[in-house]
Amino acid sequence: MVKELLAYIRPHRKILVLGGLLGLIGSVAGLAMPLLAKYVVDAFGQDQSMAGPLLGLTVAVLVGAVVSASGSYLMERTGEGIVLGARRKLVDRMLRLKVADVDRLKPGDLLSRVTGDTTLLRAVLTNGIVESVSAAFMLVGAIIMMATMDGVLLLVTLLVVVVIGGLVALIMPKIQRAQLAAQEAVGDMGAVLDRALQAYRTVKASGAEEREIAVVGDAAVRARDRGLQVAGWTSLAGVATWMAVQIAFLCVLAVGGSRVASGALDVSSLIAFLLYLFYLVPPIGQLVQGGVQLQNGLAAMSRIKEIESLPAEPVSVAVAESAEPVGVTFEDVEFRYGDDRPIVHDGVTFEVPPGGLTALVGPSGAGKSTVFGLLERFYDHQGGVITVGGRDIRDWPLGELRATLGYVEQDAPVLAGTLRENLLFAAQDATEEELTRAIARTRLDDLVSRLPEGLETAVGHRGVLLSGGERQRVAIARALLRKPRLLLLDEATSQLDAVNELRLREVIAEVATETTVLVIAHRLSTVTNADRIVVMEGGGVRAVGTHDELVGADELYRELAATQFLVS
Ligand SMILES: Nc1ncnc2c1ncn2[C@@H]1O[C@H](COP(=O)(O)OP(=O)(O)OP(=O)(O)O)[C@@H](O)[C@H]1O
Ligand SMILES: [Mg+2]
């Protein structure tokens, strides 16, 4: 762990050493100040020209100030560099995690790891290390001086310091554990706050403000309590070091006194020794402080590592090899979301030839959206074979597979940013002409002409400034701009009004002449003209056929159609 912590410093070590040295030179310059002042006064007293000494003093002040300032700036800079490195690495991993892993994690907690935990690394890796190193030098220096005074007294001192040092060493892991709990509590608070903010309107509509305030408040209290635990152990470590010096003082006084009485030591040496003993106080304090910071850093580190140790998807940016439509087959596919979760797909088998429109229908929870999740390889199926374009999806390079598919999610998300950014999200290099065409196809042109800044209008966090239907059409246009060889539409038409739904049916039919379209729909009216309809139920495929065939042959489908007044 300590090694991994140091890995963050490696790229910055030269600047860190330089900063430390400048700081040291700055303090030495500070020490020279009284001496120079003495020369000034001397010159004054001896009626000599003060110009020389004054100039010297001024230069020393200026140089000292500039050197100290540069030193501390370099340290801060290194700190920022370390935080930046840690954040970059963490975010890089976060956005490459597997969907199944992210399902478990809470967004608010993830956020706190990037913002809070990385910040904790700064103190330990810059000031913590530099001060500990200089404190160690001071400590060794003082001990050498004490050794020249009297070896026996030094032994007594070291004995006391070692015993109490051992105690402090026992406390250190407790500080780390408490700090970890404190950071976790902050993460939990982030998670519950995020939950309330994500469902802001629902919170208000449910009159749940006070309850949510209390929930977040409780989490804040837990964070405070954990923080107090850290404070408790930290003060204990501080008090133990203070005691170490006091006890050492008493022991040295007792042993030294008797040695003075027996004539083995003279009084002046004892006094000098005792003075040096108090020289030990600041470096020991700094070392303990450095140790505490190290524990804090290690705690933060373990939370960062927790994310970085999760597997990353091997995605590289790719473009589809060709524009030819691809087919899909599901062959006896078995899938469940987790070992402790119910089976979702229990031998799903169907075939979608390249080109044309295929619809997936079935009751809620039948596993329709899961079909799309498996095709995009958000999740890996446990049994059976899925092919896209005749090739097992496990053999596709992930980036290429996803570049082949266009995907409109069930609750199609729109990201904060402008309308244009959202439309081009999946196809960064689409031309203006393609953009205009996609907008016209999804009937977004009205909206664009109505908006004050057209395509450059910001859509708000998660697209809240758009209507549900608008959001959905934006998502469809976005998927179309990717020029997919297989378009996956999940409930794409559920939020459209009758006129727009009709138009979109036309668009889908038109797109289906160029590429394969697989659409999940609850409203059968949108898919009655599909080339084939796959009826899913209870973890399997129940029937496949056209609308007319299914109305005649499948009871569930007839029932679904009857409730939607498609047959009498
Ligand atoms: N990320 C997930 N983790 C665990 N279980 C899930 C997850 N997503 C869906 N499920 C479960 O898998 C089952 C199938 O879900 P799926 O979303 O595929 O249904 P659906 O057919 O699309 O339903 P709907 O028509 O309501 O959209 C459901 O029982 C659901 O609870
Ligand atoms: Mg669904």
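**Helix crossing α2/α3**

I looked up the handedness of the crossing of α2 and α3 and found it left-handed; a crossing counts as left-handed if the near helix is turned anticlockwise from the far one by less than a right angle, and as right-handed if clockwise. The names follow DSSP runs numbered from the N terminus, helices being H or I of at least four residues and strands E of at least two. This is a predicted model, in which local features need pLDDT of at least 70 and side-chain atom pairs count only at pLDDT 80 or more, while totals for chains, interfaces and linings use all residues. Residues are numbered from 1 along each chain as its sequence is written, and chains are lettered from A and ligands numbered from 1 in the order in which they are written.

I then took the geometry: the axes of α2 (residues 13-45) and α3 (residues 51-94) come within 7 Å and cross at roughly 160°. The angle makes α2 roughly antiparallel to α3. Axes here are lines fitted to C-alpha atoms, for helices over the stretch in contact, and angles run from 0 to 180 degrees between N-to-C directions. Angles under 35 degrees count as roughly parallel, over 145 as roughly antiparallel, 65 to 115 as roughly perpendicular, and the rest as oblique.

The classes are nonpolar for Ala, Val, Leu, Ile, Met, Phe, Trp, Tyr, Cys and Pro, charged for Asp, Glu, Lys and Arg, and polar for the others, Gly among them.

**Helix pair α6/α8**

I examined α6 (residues 151-198) and α8 (residues 209-261), whose axes come within 8 Å and cross at roughly 175°. That angle makes α6 roughly antiparallel to α8. I noted 36 nonpolar, 7 polar and 6 charged residues in their contact.

**Domains**

I read the domain assignment, automatic or from a database, which gives domain 1 (149-313) and domain 2 (328-563). Their C-alpha centres lie 55 Å apart.

**Antiparallel sheet**

I traced an open sheet of 4 strands in the order β2-β1-β4-β5, with antiparallel pairing; two strands pair if DSSP finds at least two bridges between them. β2 (343-352) and β5 (391-392) stand at the edges with a single partner strand each, so one side of each has no neighbour in the sheet.

I followed the pairs in turn. β1 (residues 328-336) and β2 are joined by 7 bridges, and Thr329 has Glu351 in β2 as its bridge partner. Between β1 and β4 (residues 383-388) I found 5 bridges, again antiparallel, with Phe330 opposite Ile386 in β4. β4 and β5 share 2 bridges, and Thr387 is partnered by Asp392 in β5. In the β4 and β5 hairpin, with 2 residues between the strands, I noted that Gly389 takes a positive phi near 60°.

**Mixed sheet**

I traced an open sheet of 6 strands in the order β6-β7-β8-β3-β9-β10, with mixed pairing. Its edge strands are β6 (405-408) and β10 (540-545), each pairing on one side only. The twist averages 15° from one strand to the next. β7 (residues 486-490) and β8 (residues 516-520) run parallel over 5 bridges, and Leu489 has Val519 in β8 as its bridge partner.

**Ligand 1**

I listed the residues around ligand 1, those whose C-beta atom, placed from the backbone, lies within 6 Å of it: Asp103, Tyr337, Arg341, Val344, Ser364, Gly365, Ala366, Gly367, Lys368, Ser369, Thr370 and Gln410. By class, I recorded 3 nonpolar, 6 polar and 3 charged residues in this shell. Helix α11 (residues 368-375) gives the most to the shell, with 3 residues.
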